[in-house]
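Please open the model in your viewer and keep the selection tool at hand. The stops below say what to select next and what is found there.

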Amino acid sequence: MTIQLVIEMILASVLAAGIYTVIGIAPGTDETAVLAPVTLALVLLGLSPMVVLAFFVSAVVTLNLTDAVPVAVAGTPGGVMASPMVPYGLTLKEAGQSVIGIRKMASGAAIGTIIAVPISLLLAGLLAPLSEIITQYAAPVFFIGAIFLALVSKNKILSLLAILPFGLLIEGLRYLYWGVGAVPETKTITISFFLGITIGPMIFSMISLLNKEYRENLPKQGKREITIANVGKQKGFPNPFRVLTKQESWATIGTSLAGCFTFFMSPVGMTVLFGEAVVSRVKNPIKKAKIALASMEGLAHSTYLAGLLIPLIALGVPLSPVAIGPANPLFNAPPVFTLEKNMHHLLSMSDFAIATIIGSLVGLGLTYYVIMKYSQQICRFVFKYIPHEAILGLFIALVMMLSYMDGGFINMMGVLLVAIVSGALSRLGINFGVLFMTLYAAPWIVTTLF
C-alpha cells in the first residue's frame with residue numbers, strides 16, 4: 001500500500017461525504033437508487049477497489065446520517081431508512097425541539113458506526129472459513145431468502161406469488177438477448193436488471209401520469225410550505241455519548257449490536273422491529289421520541305454497514321439486502337467484478353479494514369460535525385435550490401446509460417420492462433428484498449423448478 005493510495009481513499013471519502021450530504025437531505029431519495037449507479041460507474045472506470053470501497057462506506061455513513069435531518073426539521077424523510085423515524089421527529093418538532101432531534105439522531109448514527117465497523121470486521125473474520133460451503137449453496141439460499149422475506153412482509157401471499165413469475169421474467173429476457181445475439185451466451189445480464197428494480201417505483205409513477213383518467217383523479221395541491229425550525233449553534237466537536245443520556249446511549253448500543261448480528265435481514269424492517277421494542281414501555285412521548293430517534297439511527301447504520309462488510313469480506317457473494325441492493329456493484333459489475341472474482345478475492349483483510357476505517361472516519365467525522373453545526377442552513381439550501389425531480393432524473397438517466405453499455409438498446413427496453421413490473425409490484429406492497437433475492441435465484445428457479 002502506498003501513500004498515494006491512502007490519499008486517493010481520503011479524497012474519495014471526502015467527495016462521497018460532500019455529494020451525499022446534499023442528496024441525503026433531499027426528500028424521498030431511495031438509498032439503492034442513488035448509491036448503486038454511482039458505485040457501478042466508479043467500478044467500471046477502473047478505480048482501485050480500496051478507493052471504491054472507501055467511497056462507498058463514506059457515502060453510506062453520510063447518506064444514512066443526513067437523510068434523517070429532514071425528519072427533524074421538516075417532518076419529511078430524506079430516504080427509505082428514515083421513514084420509520086418520521087412520527088418521532090414530528091413529535092419533537094411540534095414540541096419545538098427540532099434541534100434536539102437532529103442531535104439525538106446524529107449522535108445515534110455516530111455510535112452505530114463506531115460499533116458496527118469493528119464488530120462487522122470481527123464477524124466477517126469468523127465466517128470467512130465457511131465461505132466455500134455457504135457460496136456453494138448460494139443459489140438456493142437466495143430462493144429461500146426470497147421466501148423468508150415474503151413471509152415476514154405485510155403482503156405475504158402477494159410476495160410469495162410474485163417470486164416465480166418475476167424469476168421467469170428475468171430469465172426470459174436473458175434467453176431473449178442470447179437468442180437474438182444482443183449479448184454472447186457467455187455473458188449474463190444481472191446488474192442492469194438490478195438497476196431496473198431500483199428505479200422501478202420512480203418509473204412506474206412517471207408512466208402512471210400518462211394515464212389521463214389516473215392523472216385527473218390525483219389530488220391537486222398548491223405549493224407545499226415547509227417550516228424549518230431555528231437550530232441553535234454547536235460549539236466544538238460534539239461527543240455523542242454526552243449528547244445522549246445514559247438510557248439513550250445504552251438503547252443505541254443495544255440496537256447497534258443487534259443490527260450487526262441481523263445483517264442478513266432488511267435494515268428498514270430491523271429498524272422498526274428493534275426501535276419499537278426499545279421504546280415500547282416508555283410512556284412520556286417526548287422522552288420516547290428521543291430514545292427512538294437515537295436507537296433507530298444507530299441501528300440503521302450498524303445494519304447497513306454489517307450487511308455490506310460481512311458478505312463482502314467473508315463470502316464474496318451478496319447474501320444480505322444491503323449487499324444485493326446498493327452494494328451490489330462491489331460484488332458483481334462485469335467485466336470488472338464477477339461473483340467469481342470481486343473485492344472478496346482481490347483484497348486482504350487488512351485492505352478491507354483500512355478502506356473501511358478511512359471511509360467511515362472521513363464520512364462520520366465530516367458529516368457528523370457539519371450536520372450538528374449547519375443542518376438548518378444545509379436543509380434550507382437543499383429544499384430551496386435542489387429540485388427533487390432533477391436528482392431523480394439524473395439517476396434514471398445514469399441507469400439507462402449503464403443499461404445501454406451492458407446490452408445495447410434492447411437491454412434499455414428490457415430494463416424499462418423490469419422497472420415497470422417491479423414498480424407495479426412495489427405499489428402492490430411487495431418487498432423489494434423479495435425481488436432482489438429472486439433476481440439472483442432466477443437461474444436456479446428455471447433450471448431446478450421447471
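The tour begins with the whole chain and then turns to single residues.

This is a predicted model, in which local features need pLDDT of at least 70 and side-chain atom pairs count only at pLDDT 80 or more, while totals for chains, interfaces and linings use all residues. Residues are numbered from 1 along each chain as its sequence is written, and side-chain values use heavy atoms, with hydrogens and water left out.

**Whole chain.** Display the protein as a cartoon: its secondary structure comes to 22 helices and 0 strands. Helices (H or I, at least four residues) and strands (E, at least two) are DSSP runs, numbered from the N terminus. The C-alpha trace spans about 65 × 60 × 40 Å along its principal axes. Of the 450 residues, 56% are buried; buried means under 20% relative accessible area, exposed over 50%, and partly exposed in between (1.4 Å probe, protein chains only).

**Thr62.** Select Thr62 in helix H3 (residues 49–66). Is this residue buried or exposed? Thr62 counts as buried because its relative accessibility is 0%. Leaving aside residues up to four places away in sequence, Thr62 touches Ala16, Ala17, Tyr20, Thr21, Gly363 and Thr367, where contact means heavy atoms within 4.5 Å.

**Salt bridges.** The structure holds 3 salt bridges. Such a bridge is a side-chain nitrogen of Lys or Arg within 4 Å of a carboxyl oxygen of Asp or Glu. Side chains of opposite charge can pair when their charged atoms come close.

- Select Lys104 and Glu248, whose closest N and O atoms are 2.8 Å apart. Lys104 lies in helix H6 (residues 98–127) and Glu248 in helix H14 (residues 246–261), so this pair ties together parts that are 144 residues apart in sequence. Lys104 is buried, at 7% relative accessible area, and Glu248 is buried, at 4%.
- Select Arg174 and Glu171, which meet in a salt bridge at 2.6 Å, N to O. Both lie in helix H9 (residues 156–180), 3 residues apart, about one turn of the helix, and both are buried.
- Select Lys187 and Asp406, joined by a salt bridge at 3.3 Å, N to O. The pair links distant parts of the chain, 219 residues apart: Lys187 is in the loop between H9 and helix H10 (191–198), and Asp406 is in helix H21 (residues 388–427). Lys187 is partly exposed, with a relative accessible area of 26%, whereas Asp406 counts as buried at 10%.

**Leu44.** For the last stop, select Leu44 in helix H2 (residues 31–44). Leu44 is partly exposed, with a relative accessible area of 30%.
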